[in-house]
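Here is a structure to be read against the definitions behind its labels. Each question asks what a label rests on.

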Amino acid sequence: MSGERYVDHRVLKAFAQSKVNVPAEEAKERRRQVNHLREQLEGYIAAHPDFDLVKLRASGSTAKYTAIRRKSGTGSDADVAAYLRVGDPKVDVSTVLTWLEERCKEVYGKTKVAEDFKPSDHAVGITMRGSGLKIDVVPVLYTGEPDDRGFLVTSGGTKVLTSVTLHLCFIEKRKREAGDGYRELIRLLKAWIRESKAVDPQLRCKSFLIELLVAHLWDVGWNGKPLQVNDYPAAIEQVLAYIVRTGLKTPILFTDYYKANAVSATTDPIQVWDPVNPENNVARGYSELDRLRLVNHAKTTLETLTMAAYAATKGEALDAWRELFGPTFPGE
């Protein structure tokens, strides 16, 4: 290895702050827009023959402080969980997304055009014209369970148990133990995956999967060492080495809110279980080819970081790291 590590924790931290983390003013504006949307919906939806709005909760990466700066045309900026009580038990729950889209149009219809509302499989996306902010409103069927437990509903009517509150508690517990570096590491890994998908659109690795891989390595460590959240290059290497060495064939589960034997049996190639729902494999739907593609990509990235560590010059080291984070690295 060269006598000097040209890209160290300090360099990656500066890059995260300048190019990856959401700036404080932008984060504040996101929260303001989300709160405005919540207030408008709460004030507008008084009653409906099929669904009643019970409450709205900020959710997703913004609420967990793991969101990264948005690039044009990619993803949403914020998520809001709309907890709905079903008035008629026999109602077709596959209609809930359509119903929610209509309610959102009633709230914002006078200031927006049809293209500003884009339903996905599980949410209604709303684009704010002035700021370009995109908010996903996610319907959750609520039956009065504690801890904001309820069921996400897809466009096909599939129901998946979730809890916004417990998901936030799950990450907050680990952040308290690990420090601020825990969430910033997640953001750096998300930035790596986003750049990777720009190069290979077939690569599959959702943000929640990244969060749970980091949580697992924080809980159990890797190769006899704890996750190095205060040394980002080392921590990134640990995560990559875990993916490569295990091939993502080892099931990952958490016992914060249920016992290990509660997990459902499955033959899915990747098994990473939702910490709130033992029946929800976060990687359900990933094929064997998806697993191999992600593992091989992690292997290539790990080899790139080895080259960076042995680089004879700072320029060579930076070029290697640009393979991970794109041409703006190190963002100085």
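Q: What stands opposite Ile126 in strand 5?
A: Ile135 of strand 5 stands opposite Ile126. The model is predicted, with pLDDT of at least 70 needed for local features and 80 or more for side-chain atom pairs, while totals for chains, interfaces and linings use all residues. Residues are numbered from 1 along each chain as its sequence is written, and side-chain values use heavy atoms, leaving out hydrogens and water.

Q: What makes strand 4 and strand 5 a pair?
A: Pairing requires at least two bridges found by DSSP between two strands. Strand 4 and strand 5 (residues 134–141) have 4 bridges, in the antiparallel sense, and therefore count as paired. The elements themselves are DSSP runs numbered from the N terminus: helices are H or I with at least four residues, strands are E with at least two.

Q: How do you know that strand 3 and strand 4 pair, and in which sense do they run?
A: Strand 3 (residues 117–119) and strand 4 (residues 124–127) are joined by 3 bridges and run antiparallel. The rule asks for at least two, so the pair qualifies. In one of these bridges, Pro119 has Val124 of strand 4 as its partner. The two strands form a hairpin, with 4 residues between them.

Q: Why is Lys134 called buried?
A: Buried means under 20% relative accessible area, exposed means over 50%, and partly exposed is in between (1.4 Å probe, protein chains only). Lys134 has a relative accessible area of 18%, so the label is buried. Lys134 lies in strand 5.

Q: What makes the link between the side chains of Lys134 and Asp136 a polar contact?
A: A polar contact needs a pair of N or O atoms within 3.5 Å; within protein, one must be able to donate a hydrogen and the other to accept it, and residues adjacent in sequence count only through side-chain atoms on both sides. The side chains of Lys134 and Asp136 are joined at 3.1 Å, so the distance meets the cut-off.

Q: Why is the pair Arg174 and Asp256 called a salt bridge?
A: The term requires a side-chain nitrogen of Lys or Arg within 4 Å of a carboxyl oxygen of Asp or Glu. For Arg174 and Asp256 the closest N and O atoms are 2.9 Å apart, and the pair therefore qualifies. Arg174 is in helix 5 and Asp256 in the loop between helix 8 and helix 9 (288–309), 82 residues apart. Arg174 is buried, because its relative accessible area is 2%, whereas Asp256, with 28%, is partly exposed.

Q: What makes Arg183 and Glu172 a salt bridge?
A: Their N to O distance is 3.4 Å, so the pair passes the same rule. Because Arg183 lies in helix 6 and Glu172 in helix 5, the bridge ties together parts that are 11 residues apart in sequence. Arg183 counts as buried at 13% relative accessibility, and Glu172 as partly exposed at 28%.

Q: How many salt bridges does the rule give?
A: The count comes to 19. Among them is Asp231 with Arg5, whose closest N and O atoms are 3.1 Å apart. Asp231 is in the loop between helix 7 and helix 8 (232–246), and Arg5 is in the segment before helix 1 (9–20), 226 residues away. Arg5 counts as partly exposed because its relative accessibility is 39%.

Q: What lines the largest cavity?
A: The lining consists of Lys64, His167, Phe170, Ile171, Phe208 and Glu211. On a 1 Å grid over the protein atoms alone, a cavity is a set of points where a 1.4 Å probe fits but cannot get out; a pocket is an open set with protein on both sides within 12 Å along at least five of seven lines, and lining residues have an atom within 4 Å of a point. The volume of the largest cavity is about 40 Å³, and the search finds 1 cavity of 30 Å³ or more. Helix 5 gives the most to the lining, with 3 residues.

Q: What volume does the largest pocket have, and which residues are closest to its centre?
A: The volume is about 1800 Å³, as the space filled by probe spheres set on grid points joined across faces, edges and corners. Of its 48 lining residues, Asp79, His122, Lys206, Ser207 and Phe208 are closest to the centre.
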